[in-house]
Amino acid sequence: MSSTLPGDPSLTLPTTLTIKNIVAVQELILDCLNRNTSAVLDIDEEAQVDLSFVQLVTAARKQAEIKAGRVLLARPAAGDLYDVLKRGGFLDDMTPDAAHFWLHQEKN
């Protein structure tokens with residue numbers, strides 16, 4: 001269901017995606033976006049995630065869109081990422097675009 005294209009560069013992220021290392025993760029994502037118009041974030045299902053990562057991804061998506069690029073997830077949100085989205089209310093009344101991005105659900 002992912003809308004990645006063969007040329008989209010994959011970026012494997014660390015297994016800790018929390019406030020403790022969010023600046024380093026931000027640098028990884030920005031570096032990828034500075035070299036490419038798109039980035040496919042590969043997030044391990046066992047990764048530790050907190051709200052700072054969701055905020056970072058949301059900001060990265062907006063920054064990529066400004067440059068006519070995009071940020072995608074390699075697979076639907078799972079594990080801690082899914083739990084953070086749920087606890088943060090991001091799964092409530094999702095727009096079709098958000099459901100497509102986070103959960104790889106088809107847009108209506």
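**Exercise 1.** Is Ala68 buried or exposed?

*Solution.* The model is predicted, so that local features need pLDDT of at least 70 and side-chain atom pairs count only at pLDDT 80 or more, while totals for chains, interfaces and linings use all residues. Residues are numbered from 1 along each chain as its sequence is written, and side-chain values use heavy atoms, with hydrogens and water left out. Ala68 sits in the loop between helix 2 and strand 5 (70–73), where helices (H or I, at least four residues) and strands (E, at least two) are DSSP runs numbered from the N terminus. Its phi is near 60 degrees, a positive value in a residue other than glycine. With a relative accessible area of 70%, Ala68 is exposed (exposed means over 50%, buried under 20%, partly exposed in between, with a 1.4 Å probe and protein chains only).

**Exercise 2.** Describe how helix 2 and helix 3 pack.

*Solution.* The axes of helix 2 (residues 51–66) and helix 3 (residues 79–87) cross at roughly 85 degrees and come within 9 Å; axes are lines fitted to C-alpha atoms, for helices over the stretch in contact, and angles run from 0 to 180 degrees between N-to-C directions. The two helices are therefore roughly perpendicular to each other (65 to 115 degrees; under 35 is roughly parallel, over 145 roughly antiparallel, the rest oblique). On the side of helix 2, Leu51, Phe53 and Val54 meet Leu81, Val84 and Leu85 of helix 3, contact meaning heavy atoms within 4.5 Å.

**Exercise 3.** Where does Asp93 lie?

*Solution.* Asp93 belongs to the loop between helix 3 and helix 4, and its phi is positive, about 50 degrees, although it is not a glycine.
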